[in-house]
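Work through the exercises below with the model open. Each task is followed by a stepwise solution.

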Amino acid sequence: MMPESFMDLAGVWIAALLSLCVFSFLFKDNILFKITEAIFVGVSVGYGIVLSWNAGLHPKVVVPFMEFIRNYHDKSRADFFWAAYMVVSLGIGVLYLSRFSPRQAWLSRFPMAYLMGIGIGIGMPLTIQSFIFEQMRATLIPIVVKTNGALDWAASLGNIALLAGVFSVLYYFFFSVKKSDPVSQTVSRVGIAYLMLGFGASFALTVMARISLLSARVQFLKDEWVEGTLRYFNLL
Amino acid sequence: MMTLVLRWFDCNYRRVIYVLVVLCVLVPAFLTVRLRIKPAGATQGLYDAVEGIPAARRAAIAKLEAELTQSTNNHDKLTAHLQRLRMHTNGVLLISLDFDPSSAPELTPQAEIILRHAFMRGIPVVAVVVSTPVGAQLAQSIVDRAARETQGRYDIKLAGRDYVYLGYRPGYFNLILQMGEDISRAYATDYAGTPLHDLPMMQGIKNLNDIDLVAVVTGFVGVPETWIQVVKTKYNRPLGMGMTAVSVADYTPYLHSKQLVGLLPGMRGAAEYEMALDAPGAGTRGMLAQLASHVLIIVLIALGNALFFVQRRNRS
């Protein structure tokens, strides 16, 4: 891929050099890595603040309020209720800033309580339905599966393995009873084996994810930095 | 001499492994070998769901027409809904691009191939970002690039006519809930600042009931749960996901419980989707590096274990 302008090329060079600075940590911790880390954090926070203002506060609060103040004499009672609601909401939000003062920090509990109340009220029924009932329903499966009247061995074994996994892992985390008899110990060990399989899968997927990140960065360095620069100067 | 080499290796084995991993990733970047990749069931599920959007829209229109002839309740509401559905006979895809640059290498190929698939089939797309302001511009560039470069049976896609990019708004739980009621309440304007009622495409899209499939490409833990709660549980709309490979193990149960129609696991998921669509791209390119690296890691794990047993035997 060839950069379209000199500014594009400069951007690619900055990105490539910062990538190399990050990779330099693999050799050992150094000042270049620390500078790059600080740039990344600073840019992310600055960019996030500006975008949050542009996408949230400005269009949702500042613009409607200014419009309301400019035309307040034409507004209906409902509009005044809306304005009062916004003022109260903003006031509750501003209380968050009290955390900066050790003496007034207790005021920040009000917006937290407000948000927690709303979150629990809206979220609890949906959470129970989505993550408990639906998952329980998915576990209520037949042990013997028949396809066109014939026994489907693969599906049946799959369902048995799933049920065995669910019950043995649940039993392993059941700490109220001492598991001293051979049956309890065997069931717990089966639960541990299932957990280990799960952790193994997670580890392998993590390796895959990290290799993907490295692979994409190496591809960027090859295609856009080295080849892009050579193409820009007609050397390739 | 051997002792010196072993002592040097003991001190520097980490760097040797780094160099080997870099070689495994770098060398395949220069090769043009294409691996044969078979789409897994989870990937095929999402592919089929996108492929089936026009058919799902036709079925929804037919169902609503039948409902209108049989029932007199909510006649105006049903008629308005039917009018909206008829405006986009190919259906509508809502895609949420919830990732930032740190997970972009894995998730950009997924987002691109889903968008390309929709554009190739002439499906209008509404794209949003709900969880990170940092990803807003990145998402816009992905949507614009996919629209610009996709050649299908239809014309080149135009913003506002064939796709709409709404950008980022804070407070994702409330935002997704609002989208269920009225998208224009959640997003008054698109990312460029144009009011939604001025965009021709949005005339036929009011809320999640007018969306045939929601695809969420995310690199954040917690965000998928919210989408499942609202889109699947509350509004019962089809939901598919693409996510970083790290998170896939946590969300596979939702595939099994049919709360998700499909799930793309990291770059591998993108490669499988590209194969299903027969449009190789960034995902397929990355698979050779994955193969080489995984072989190296398996060999290193085996060697490490063998060395451990040898050292234990020598000690005893």
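**Exercise 1. Chain A as a whole**

Task: For chain A of this predicted model, find what share of the 236 residues counts as buried. Then describe its dimensions and its radius of gyration.

Solution: 
- Step 1. Burial comes to 25% of the 236 residues of chain A.
- Step 2. The C-alpha trace of chain A spans about 75 × 70 × 50 Å along its principal axes.
- Step 3. The radius of gyration of chain A is 29 Å, whereas a compact globule of 236 residues would have one near 18 Å.
- Step 4. Take the contacts in chain A with a separation of 6 or more: 37% of them join residues 24 or more positions apart.

**Exercise 2. Secondary structure of chain A**

Task: How many helices and strands does chain A have, and in what pattern do they follow along the sequence?

Solution: 
- Step 1. Count the elements: chain A has 6 helices and 2 strands.
- Step 2. Read along the sequence: the pattern is α-α-α-α-β-β-α-α.

**Exercise 3. One glutamate**

Task: Is E134(A) buried or exposed? Locate its helix and list its contacts beyond four places in sequence.

Solution: 
- Step 1. E134(A) sits in helix 4 of chain A, residues 109-139.
- Step 2. Its relative accessibility is 18%; the cut-off for buried is under 20%, so E134(A) counts as buried.
- Step 3. Leaving out residues up to four places away in sequence, E134(A) touches Q129(A), S257(B) and Q259(B).
- Step 4. Compare with H73(A): E134(A) is 61 residues from it in sequence, and their C-alpha atoms are 53 Å apart.

**Exercise 4. A helix pair within chain B**

Task: How are helix 7 and helix 9 of chain B oriented to each other?

Solution: 
- Step 1. The axes of helix 7 (residues 172-181) and helix 9 (residues 223-234) of chain B come within 10 Å and cross at roughly 20°.
- Step 2. Angles under 35 degrees count as roughly parallel, so helix 7 and helix 9 of chain B are roughly parallel.
- Step 3. Helix 7 of chain B passes helix 9 of chain B in a right-handed crossing.
- Step 4. Residues in the contact include F173(B) and I176(B) of helix 7 and W227(B) and V230(B) of helix 9.
- Step 5. The contact residues divide into 8 nonpolar, 2 polar and 1 charged.

Definitions and conventions:
Residues are numbered from 1 along each chain as its sequence is written. Chains are lettered from A and ligands numbered from 1 in the order in which they are written. This is a predicted model: local features need pLDDT of at least 70, side-chain atom pairs count only at pLDDT 80 or more; totals for chains, interfaces and linings use all residues. Side-chain values use heavy atoms; hydrogens and water are left out. Axes are lines fitted to C-alpha atoms, for helices over the stretch in contact, and angles run from 0 to 180 degrees between N-to-C directions. Helices (H or I, at least four residues) and strands (E, at least two) are DSSP runs, numbered from the N terminus. Angles under 35 degrees count as roughly parallel, over 145 as roughly antiparallel, 65 to 115 as roughly perpendicular and the rest as oblique. A crossing is left-handed if the near helix is turned anticlockwise from the far one by less than a right angle, and right-handed if clockwise. Contact means heavy atoms within 4.5 Å. Ala, Val, Leu, Ile, Met, Phe, Trp, Tyr, Cys and Pro count as nonpolar, Asp, Glu, Lys and Arg as charged, and the others, Gly among them, as polar. The radius of gyration is taken over C-alpha atoms; the globule rule is 2.2 Å times the number of residues to the power 0.38. Buried means under 20% relative accessible area, exposed over 50%, partly exposed in between (1.4 Å probe, protein chains only).
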